[in-house]
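I set out to look up the aromatic pairs in this structure and their surroundings. My entries follow.

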Amino acid sequence: MKKTNQILESKVNFLSRGFSILCFALLVLFTVSNAQAQEAQTNKEYIVQGTVLDEDNMPLPGVNVIIKGTKTGVVTDIDGKFKFSALKANTKLVFSYIGYDSKLYTIPKSNSDTVKVDISFDAADIELMGAVAVNGVYKTKRNIFQKFVGLFK
């Protein structure tokens with residue numbers, strides 16, 4: 001009877017260990033596949049396109065659109081439109097135009113492959129350069145060499 005109980009216990013022990021290992025393997029498998037899916041979502045590249053407008057909703061041609069921290073960028077066309085082909089989420093774009101303050105835009109995560117961006121430069125964004133006052137003709141001070149040459153003229 002003892003031998004039968006030992007055999008029965010060993011079979012139950014073997015089955016419970018096997019079941020535990022199977023459950024653990026399935027748990028690891030789902031965890032890894034879920035992590036890979038999240039990683040694929042964060043490494044997703046988007047097509048970013050949009051339009052840049054002024055305060056009167058007119059397109060601004062020639063606006064520089066640059067990826068922050070790089071020298072990579074595009075310029076808006078005559079209709080104020082631009083397009084980047086492969087940018088990741090959280091990439092920062094810098095929009096700059098003569099006479100206006102620069103604007104910063106961060107690419108959001110999206111379910112779509114294309115991200116639409118509309119930027120508007122307002123009158124409040126105008127960068128004033130300040131007044132220039134002229135009180136007369138500016139003359140530089142002569143150095144020693146110029147004074148010496150002036151003696152012989």
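I began with Phe-82, which is buried at a relative accessible area of 6%; buried means under 20%, exposed over 50% and partly exposed in between, with a 1.4 Å probe and protein chains only. I noted that the model is predicted, that local features need pLDDT of at least 70 and side-chain atom pairs pLDDT 80 or more, while totals for chains, interfaces and linings use all residues. Residues are numbered from 1 along each chain as its sequence is written, and side-chain values use heavy atoms, without hydrogens and water.

I then searched the whole structure and found four aromatic pairs. Rings of Phe, Tyr and Trp (its six-membered ring) pair if their centres lie within 6.5 Å; planes under 30 degrees apart are stacked, over 60 edge-to-face, and the rest tilted.

One of them joins Phe-82 and Phe-95 edge-to-face, at 5.5 Å centre to centre and 70 degrees between the planes. I placed Phe-82 in strand E4 (residues 81-88) and Phe-95 in strand E5 (residues 92-96), 13 residues apart. Strands (at least two residues) and helices (H or I, at least four) are DSSP runs numbered from the N terminus. Phe-95 is buried, at 0%.

I next looked up Tyr-100 and Phe-121, a tilted pair at 5.3 Å and 50 degrees. Tyr-100 lies in the loop between E5 and strand E6 (103-106) and Phe-121 in the loop between strand E7 (114-120) and helix H2 (144-151), so the pair ties together parts 21 residues apart in sequence. Both Tyr-100 and Phe-121 are buried.

Finally, I recorded that Tyr-97, Tyr-100 and Phe-121 form one aromatic cluster.
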